[in-house]
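Biologist: I have just opened this one and would like a walk through how its parts meet. Could you take me through it?

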Amino acid sequence: MVLRLDRVTKVYNQFTVLQELSLDVRRGEFLTILGPSGSGKTTVLQLIAGIAQHTSGRLLFNGKDIGRLPASQRPFNTVFQDYALFPHMTVADNVGYGPRIKGMNRRDLLSLVEQALEHVELGGMGKRYPAQLSGGQRQRVALARALINKPSIVLLDEPLSALDAVLRRQMQVFLKAAQRSSGVTFVFVTHDQEEAVAMSDRICVMNGGRVEQLGTPAQIYHEPSNRFVSSFMGETNALSAIVWSIDNDRVVLRSALGDLIAYKRPYYAFVPGAEVLLNVRPESVQLDVSGGAPNTNRLVAKVVDRAFLGPNSKLTLAFPQAQNLHWDVRTLGNHELPAAAGKAGEVTAWFRPEDCALVPASGS
Amino acid sequence: MRPISWVLAGVTLVAFIAMYLPVLVVALLSFFWVRRGVVQWESFSFDAFAALAANADLTGVLTNSILIAAAASLLSVAVAAILALLVASRMPRAVVALVEFMVFLPFVLPPIVTGLSLLIAFREVGLARGLAAVTVGHVVVVLAVVYSTIINRLRALSPTLVAASADLGANGWQTFRFVVLPQMSSALVAAGVLAFALSLDETVVTLFLVGDSSTLPIRLYSLMRVGISAEVNALATLVIGFTTVVAIFAGRALLQHNPHEGNNA
Amino acid sequence: MSGRFSGATLAKSALAVAILGVLIVLPLAVFLAHSFYRMEDREIVRAFSFANYAELASNPAYRSVFVQTLWLALQVTFINTVVGWIVARAMWRRRQRLHFALILAVAVPLLLSYVIKIYAVRMFLGVNGLLNSTLTSLGIIDEPLGFLLFNMAAVRITLCVVLLPYSILPIFLTLERVPSRLVQAAEDLGASATQVFWTVLFPLALPGTAMATTLTFVFAAGDFLIPELVGGPNGFTLGRLIFTQFGLAYNWPFGAALAVLLVVVTLTAVVLGQRLAQPRWQRQNA
Ligand SMILES: Nc1ncnc2c1ncn2[C@@H]1O[C@H](COP(=O)(O)OP(=O)(O)O)[C@@H](O)[C@H]1O
Ligand SMILES: [Mg+2]
């Protein structure tokens, strides 16, 4: 691992922004820090970059404490949210800023900058000023300006949030490719979970100045470790339940919808009697069309709403046993199906035991 | 700290001392005697102020200054408001550029040029030197500042409103009276206060136009030519105190209106 | 487009131009015309000639006053711009409370009566002034230093002191508007404090610097009160020369010609300042 934050705390005017936060960054990975606005993501980046100083804890780079090094002496470079390009310098001067500051001679600088601009597909734009560029182009100048210094880590603070949807997609692909080809470690901040899932090797979910979960996108999505992560990572259907019994690979649950069975994941530490929250993603809820559904996890429900979303449809289900409980279901293509099903719009829904995740009912 | 930082801090300190020490000395000398470079602390008295108060002539001078400042600020606000409304009402660009060039000319030119051009022009039209001539001179001098205060406010308003009010007709008049004017009023007051303050302190143009009358800065100037006296110190101290108090209050008011957006993160 | 030359627009334009024409342009035109007249037997002769300008160009006494004044103004501008930058940089990025106090500390001397500021500096420097009496009583000097007052050095010092707030404030205010993000970016890219200053702060605060230098230069080149009050016989400047033509010397046409020279210098400085205030990167974006 290249960088380690060891129980880092940051206090601003008696307000604790980061609380004993620990985080390891691995060499060459694309790590995303994901969290709602105000959760402390920018602060983490600023501490790493040296733009802000932590109150306590340690910041280890290759095992050495760099916590008191000024920003200018840390081998990291930042791509700021608003790009922070120097308006009075041309694109080429912006990109060449780092090497020029360190005294690189003109000829080397010129070819290096040329190369860097080619790399971000901005060849020939060197003479322009930042104000003459589009948002996506400025973004790429900012990236080139950071990458040209060959930093150990590039820190990116919500670099795509100012772009429109189409450009955003393009830049996601571009950034990911740039990270792959350069092999540089990226620490990327976003509040958009889809973006995080699409781009990252690992995701660190933050909330209220703490790390809620750290793992691969699949782990974070399918195996959330608490309520915050499960609800923050996209839509989910939640149901309160009590652990009834646990055997080798199954957890039997009691709930308002009857007995349900969940696949037992290795990290579960529940004991019988524990209050849990069962989570099933809308796309994991199946509708029984032909009556061939398995006997476990069968739910009789009523369709109370439907919305056509283009590639799929969203149905909202209500349950006779539980007032005020609504589940969403994604149906691919056959969204007209429930109209034909059962009497009075009744359908049978079910989900596989391995398609649900349990989190503790209490806690964040 | 590195040596260079010491030098920079030293220069800063010297700069503030240079801006304040002479003024403080004047204030000090209006209360105390100085003998051989040593302030005689036991000599504290208000004698200088008493002598100043007994000087009846000074009251007249002060009245002149205030009358001129009042007239000049009213006139300049009126003229500048008319100009600003005209400019804000869809005038051709070239005309706007011309008007603003002319307004800012006296601001850019050294006051001695403005002063003597008015002196020559007034003689050509037969306007004698005196308080009236000084008032017109002050209007010319402060017009640029007053105009830019008002036009900035107007440009912040909706252009269609201003355009509508600048059109003739009842509707335009009503827009002006009930929509534009209320929104302009604070800018008009601010511009007036500014004009008043600038006029009170105007010296160079006044010197050319004042003739046998006098205003406060002119009187100070002529007293200074004669020499340094306790009375002048007392007068200077009053002006210094007044300016400081006004600056503090104005600063407070301004800062409360637009609190500083801290970018010292 | 259709309304471009409508009657109302035309009338409004004419009104605005007329007001300013009478109030500002006409006096300047009359004054310009006078610079081409001449004096005979203490009467102005209204005959057009370049005699005044020829006299200006040929008489070495005037030329030396002109050069002396320009040199003085340049010195004052240089000193005050450097000092203004140092003070503004020291005031920059202070905590909020201190920030207000500092602005106020510069604004008070700025607002203070011009004549009183001159008076105070004169008093401070004067033969009987505090500086001399302090030095004497401390035994540092035996006799009051006469050279502190009534010469060109005194004019220079007084101009510097009186004009200092005019360079600090514009520089400080533009410095404040430089986004701290850009400073962070520069530091992040490896710039030292000195490099941040020269590559980011200084170029971005150039408009304020231009404003400061223009204000200071125009003021210093055209002022006559300060040389008049602290300059003595040696501290003779263009402003004073002009003033004498309207007093003792009583030669208005020649005074007008001298003033035209001052106007040319001033406008040149203003145009140069404008170019400095609008560097290439801003002109291109406009
Ligand atoms: N310079 C600062 N001074 C005081 N509080 C700050 C400062 N910077 C951030 N904070 C506070 O720290 C918290 C986290 O901020 P930030 O790291 O910017 O969150 P995020 O980037 O996740 O939106 C917020 O509550 C914010 O108000
Ligand atoms: Mg943020």
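Biologist: How many residues of domain 1 of chain B are in contact with domain 2 of chain B?

Modeller: Six residues of domain 1 of chain B are in contact with five residues of domain 2 of chain B, where contact means heavy atoms within 4.5 Å. Before going on, a word on conventions: this is a predicted model, in which local features need pLDDT of at least 70 and side-chain atom pairs count only at pLDDT 80 or more, while totals for chains, interfaces and linings use all residues. Residues are numbered from 1 along each chain as its sequence is written, chains are lettered from A and ligands numbered from 1 in the order in which they are written, and side-chain values use heavy atoms, with hydrogens and water left out.

Biologist: Where do the two domains of chain B lie?

Modeller: The domain assignment gives domain 1 as 1-45 and domain 2 as 56-258 of chain B; such bounds come from an automatic or database domain assignment.

Biologist: And what area do domain 1 and domain 2 of chain B bury between them?

Modeller: They bury about 430 Å², 75% of it on carbon and sulfur atoms; buried area is the accessible area (1.4 Å probe) that two parts lose on being put together, summed over both. In domain 1, B:Val23, B:Val26 and B:Ser30 lose the most area to domain 2, together 68% of what that side buries.

Biologist: How many salt bridges are there across that interface?

Modeller: The rule finds zero salt bridges between domain 1 and domain 2 of chain B, a salt bridge being a side-chain nitrogen of Lys or Arg within 4 Å of a carboxyl oxygen of Asp or Glu. There is one residue pair in polar contact, with both residues at pLDDT 80 or more; a polar contact is a pair of N or O atoms within 3.5 Å, and within protein one must be able to donate a hydrogen and the other to accept it, while residues adjacent in sequence count only if both atoms are side-chain atoms.

Biologist: Switching to whole chains, which pair has the most contacts?

Modeller: Among the two pairs of chains that touch, the most contacts are between chains B and C, with 79 residues of chain C in contact with 80 residues of chain B. The area buried between chain C and chain B is about 7,100 Å², of which carbon and sulfur atoms give 79%.

Biologist: What about charges between chain C and chain B?

Modeller: The count there is one salt bridge, in which the side chains of B:Glu124 and C:Arg46 meet at 2.7 Å, N to O. On the side of chain C that touches chain B, helix H1 (residues 7-34) gives the most, with 17 residues; helices are DSSP runs of H or I with at least four residues, strands are runs of E with at least two, and both are numbered from the N terminus.

Biologist: Where does chain A come in?

Modeller: Chain A and chain B do not touch, and their nearest C-alpha atoms are 9 Å apart, but 25 residues of chain A are in contact with 19 residues of chain C. Chain A and chain C bury about 2,100 Å² between them, with carbon and sulfur atoms giving 60%. A:His88, A:Ile101 and A:Tyr129 supply 27% of the area that chain A buries against chain C, more than any other three residues.

Biologist: Which side chains form the salt bridge between chain A and chain C?

Modeller: Those of A:Asp82 and C:Arg181, at 3.2 Å from N to O. Across the interface of chain A and chain C there are also eight residue pairs in polar contact, both residues of each at pLDDT 80 or more.

Biologist: Last topic, which residues are around ligand 1?

Modeller: Among them are A:Tyr12, A:Phe15, A:Lys41, A:Thr42 and A:Thr43, counted if one of their heavy atoms lies within 4 Å of the ligand. An oxygen atom of ligand 1 is 2.9 Å from an N or O atom in the side chain of A:Lys41, and for the side chain of A:Thr42 the corresponding distance is 2.6 Å.
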